[in-house]
Amino acid sequence: MRFAVIVAPSDPRSGEASARREALAWLRGRLASFGFGVEIVGGGRDPQAALEAAAARVSAGDTLLVHLSGRLSGRRSSLALAFGGGRSVRLSKASGLFASRAPAQLGFLAELMHEEDPTDAQLGSECLASVLRALVLPASGHAALVAVRPLTASVARLAFTRQTLGPINSEGPPPPVYGLLAAVHDCGVRASTNGSTAQCFAFVREGVAPHEEPRNGAGQPRPHLPKSVLVATEAKESDAESPEERPPPPDLAIDWKTDIAGWERALQTCIGGIAELKVARARVRELNGLARLLDAGRAIEDKSATARELLWRGYETMQSLAPTHVRPYADAFALHSVEGRTDEAMLSAQVLEELGAADSDHRALVGQFRSVTPIRARASLDAAAWKHLRAPGSDDVLEALFAAVEHAAIAAKLDELREVGWSPPVVHAKQRLSETSTASVVRSFQWASRVLKVRCPDLYAMDDFPGIAGLHASEPSMALGPAVRSGPSAKELAFLAGRHLTYCRPEYRLLFYYPTRDDLTMLLFASAQLAMPGNSPSGASEKVRLLQTRLLHHVGVRDRAELNHAVQRLEARGGKAAVAAWMRSVELTAARAGLFLCGDLAAATAMIRSELCSVPDLAADLRRGDLLAFCASRAHAALRNQFVARGPESVALPGYSATEPALGT
């Protein structure tokens, strides 16, 4: 039997009763179309008893989907679903209740709201992880897809589910629960840019691998690899570093005013120790020690050049770990002002303005240098400049590998799509936008292409796309919807062009065709086996074997040599590859490129809120936090110092004057 339980508390803080009724009516109908018998829980006075009654209707061997929505309550170690009036049910208890009925398949689809600080991305991410731990019991073989958002976000009830739970395919049998969750996840990744709803959520999947049929309630194993290339794509951070890896805490008994040299050593040790920690949570735990040392540094008079440099490094470290905290930006602004670093001070002031903490001095400096146009670039970015742009999680080995198979992998994907009846998007010659078009969006892309030193894709005016979308084609191609062909300002267009052109770099372009972690992982496996044909195991996944065969038909001699070299580098480090972290890095790097080009943090963060992120577990708050820290970083300042002109010279558009006003060049 296929059975679905909808757990939807009638909690006044979760939304109006009429909105709940309308949303549940839609969800009941949608789940029924998937062949589920549906029961709704949450409107009564005793939610625990109602859950027990619903669970009692589940028999061993059933297929069970549990949909949960509402507000979270309690500590992260004991998260509960709030039902209003002080009533709640712990998530782990609800999970255990349904798991105890021994269904053949059990999946959770949760759309929940948290009451953490909406500006603190770290807390939101920890909340998401806690929900997953509560729902997916160890060694259970069950699966969950969890989406969380701040309670304060202005989003309709079940907005994520509505956006991602597509209609049933009437030509085939009802999908298994695990396949349904995988499809919801993939739909979230591919969601269109028709609003800001998706930006409010962070979502992640746990449990059975996507698109794999279950075996006795458990997921299929990951594709096997040769021992020499064990790609650790599922590695997770441990909650704690070993004691010897943690930096020693500062000695609070020392009077740093009388021991300035000791303070310098302590601050340098603290900053260096944080940088060496491998786990993000461990780095965050060291903030208190760093904050105490920075407080002590403020009290030191007549600071030496070494002390001022250390303070700058300390402020930058604090900004990267707590990007929404005001104090390190305000301190950096004061330090830059004293040191005469006007541009660095202005960048810190932009962050303070974005955080709503700018005073009159900050606003005056921002207003003095703010322009209605993007930056005036005096040269194209080189390889060293791109290293400044790359966000944490970047991996030069993965980038070399994916760049080597770019053309072969794209051709292989197009072959695969054609085999299932796909045909290329229909575009007419009149939709192609000429490189010499006077349209602002085209000029922005052409200018950004020259500055970033990235080939500009073929651009098409297509009304079927609300924003900007990559087209599946052998040559780089993008569709420009009505919303970007008219309306955005020059700075907004610069941000959009920078962000989307970043994905056109050879090492990143594959993400148009392999948009999920599982897609990229399979490509990584197939590429590794292609480079080491003698080690291809007999137990390899059939999908990996098929992709490997397709790659073999398209990879060239030069690309094969570069691939072999990249796989050798991968093998030399034990075959470890954090694919999910790399994907997040690409998205953050793309946003950084957009910020660099537009030159205005306020414009960049506004676009972050309106543009859909292509990485599923990278919430808008995390992207915004990275932009805040990068804006005030010395890497950004170094890029501006080297590539942004203070005079009229600039990188010109093809066929245009270097002083073309519409693009700020």
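**How the terms apply**

Modeller: The protein chain has 26 helices and 11 strands. Helices (H or I, at least four residues) and strands (E, at least two) are DSSP runs, numbered from the N terminus. This is a predicted model, where local features need pLDDT of at least 70, side-chain atom pairs count only at pLDDT 80 or more, and totals for chains, interfaces and linings use all residues. Residues are numbered from 1 along each chain as its sequence is written, and side-chain values use heavy atoms, leaving out hydrogens and water.

Biologist: Why is Q431 called buried?
Modeller: Buried means under 20% relative accessible area, exposed over 50% and partly exposed in between (1.4 Å probe, protein chains only). Q431 has a relative accessible area of 17%, so Q431 counts as buried. By that cut-off, 53% of the 665 residues of the protein chain are buried.

Biologist: Where is Q431, and what does Q431 touch?
Modeller: Q431 is in the loop between α16 (406-419) and α17. Contact means heavy atoms within 4.5 Å. Not counting residues up to four places away in sequence, Q431 touches V426, L459, Y460, A461 and M462.

Biologist: What makes a set of residues a nonpolar core?
Modeller: Such a core is a set of buried Ala, Val, Leu, Ile, Met, Phe, Trp, Tyr and Cys residues joined through side-chain atoms within 4.5 Å. The largest nonpolar core has 62 residues, of which F445, F495, F596 and L597 touch the most other members. Helix α17 (residues 440-452) gives the most to this core, with seven residues. A second, separate core of 44 residues includes A404, Y508, L520 and A577.

Biologist: Which residues of α1 are buried, and why are they said to be on the same side?
Modeller: The buried residues of α1 are R20, A23, L24, W26, L27 and L31. They cover an arc of only 165 degrees around the axis, which puts them on the same side of α1. The arc is that of the directions from the helix axis to the C-beta atoms. These buried residues pack against β1 (2-7), β2 (37-41), β3 (63-73) and α5 (159-164).
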